[in-house]
Amino acid sequence: MADLIKGAMRDTAELSILSRAMSPDMCRAFAELDLGNFADIRLRGSGARLLSSLSGKIERLGWPRIAVEQILDDVSQAIAASADGRPDYMLRLEHVTDDACRKFHKDRTDIRLITTYCGRGSQWMDAASPDIDPPVHELAPFHMAAFQGKRRNKPQRILHRSPPLGPLDKSRLLLVLDIERPGWEN
């Protein structure tokens, strides 16, 4: 995780991907989550405050311990890897049931960290590809991607979106963590 975050912060690439293989128990724990009454979690603030708030909210959900620990560990590692610049964070843990963010785009942030715990992963493409129809790539569940945002002042090559949900796609459980340099206001 540290290499993923550090790579995105160095301005060397608009996209860094961490491929992760999870245990069958972990996959099963997330696949069996009852998300019917889950209210999306949205938090903003310093790393310590955000992690404390997330822990309090997620611990009360009654989810399997292995799933709770994975989410908290992902956020904790991302905060630890990016804490040098004392950034602000914006976190969303969302149950996505529609085609939200279906157009390819780049976000108004420094770095957007995305992972999907249930359902199809986020898609990305290279808009500067010479192909008329550039290939669309899809992250596997649990893979983590760090996308540089518009605030990094880089060429707008790598764009991402939520995958279109088809009739067989139920939903997604998505973690988004924006890492923002201090002193910038939306």
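**Notebook: surface, fold and selected residues**

I began with the surface: the protein chain has an accessible area of about 9500 Å², and carbon and sulfur atoms account for 50% of that. The model is a predicted one, and I keep that in mind for each entry below.

**Overall size and burial.** I looked up the extent next. Along the principal axes, the C-alpha atoms of the protein chain occupy a box of roughly 45 × 40 × 30 Å. I then checked the radius of gyration, which is 16 Å for the protein chain; a compact globule of 186 residues would come near 16 Å, so the two agree. Of the 186 residues, 48% are buried.

**Fold.** I counted four helices and nine strands in the protein chain. Read from the N terminus, the order of elements is α-β-α-β-α-α-β-β-β-β-β-β-β. I also looked at contacts between residues at least 6 apart in sequence: 82% of them join residues at least 24 apart.

**Charges.** I noted 27 positive and 26 negative charges in the protein chain, with mean positions 4 Å apart.

**Cysteines.** A disulfide would need the two sulfur atoms within 2.5 Å. Taken from the side of Cys118, the closest cysteine sulfur is that of Cys27, again at 9.6 Å and too far for a bond. Cys27 is partly exposed, at a relative accessible area of 34%, whereas Cys118 is buried, at 13%.

**Met1.** Is Met1 buried or exposed? I find a relative accessibility of 14%, so Met1 counts as buried. Met1 sits in the segment before helix H1 (2-9). Leaving out residues up to four places away in sequence, I list Leu18, Asp74, Gln77, Ala78, Leu113 and Met144 as touching Met1.

**Glu69.** I placed Glu69 in helix H4 (residues 65-82). Glu69 is partly exposed, with 44% relative accessible area. From Glu69 to Arg49, 20 residues apart along the chain, I have a C-alpha separation of 17 Å.

**Lys103.** Which residues is Lys103 in contact with, leaving aside neighbours within four places in sequence? I find His160 and Arg161. For Lys103 and Arg161 the C-alpha atoms are 5.8 Å apart, while the two residues are 58 apart in sequence. Lys103 belongs to the loop between strand S3 (88-96) and strand S4 (111-118). I have Lys103 as exposed, at a relative accessible area of 64%.

**Phe142.** I checked backbone angles last. Most residues other than glycine have a negative phi. Phe142 is not a glycine, yet its phi is positive, at about 75°. I located Phe142 in the loop between strand S6 (137-138) and strand S7 (144-148). Phe142 is buried, with a relative accessible area of 5%.

Conventions:
Residues are numbered from 1 along each chain as its sequence is written. This is a predicted model: local features need pLDDT of at least 70, side-chain atom pairs count only at pLDDT 80 or more; totals for chains, interfaces and linings use all residues. Side-chain values use heavy atoms; hydrogens and water are left out. Buried means under 20% relative accessible area, exposed over 50%, partly exposed in between (1.4 Å probe, protein chains only). Helices (H or I, at least four residues) and strands (E, at least two) are DSSP runs, numbered from the N terminus. The radius of gyration is taken over C-alpha atoms; the globule rule is 2.2 Å times the number of residues to the power 0.38. Contact means heavy atoms within 4.5 Å. Accessible areas come from the Shrake-Rupley method with a 1.4 Å probe; for residues, only the protein chains shown count as cover. Lys and Arg count as positive and Asp and Glu as negative; His and the chain ends are not counted. The place of a charge is taken as NZ of Lys, CZ of Arg, CG of Asp or CD of Glu.
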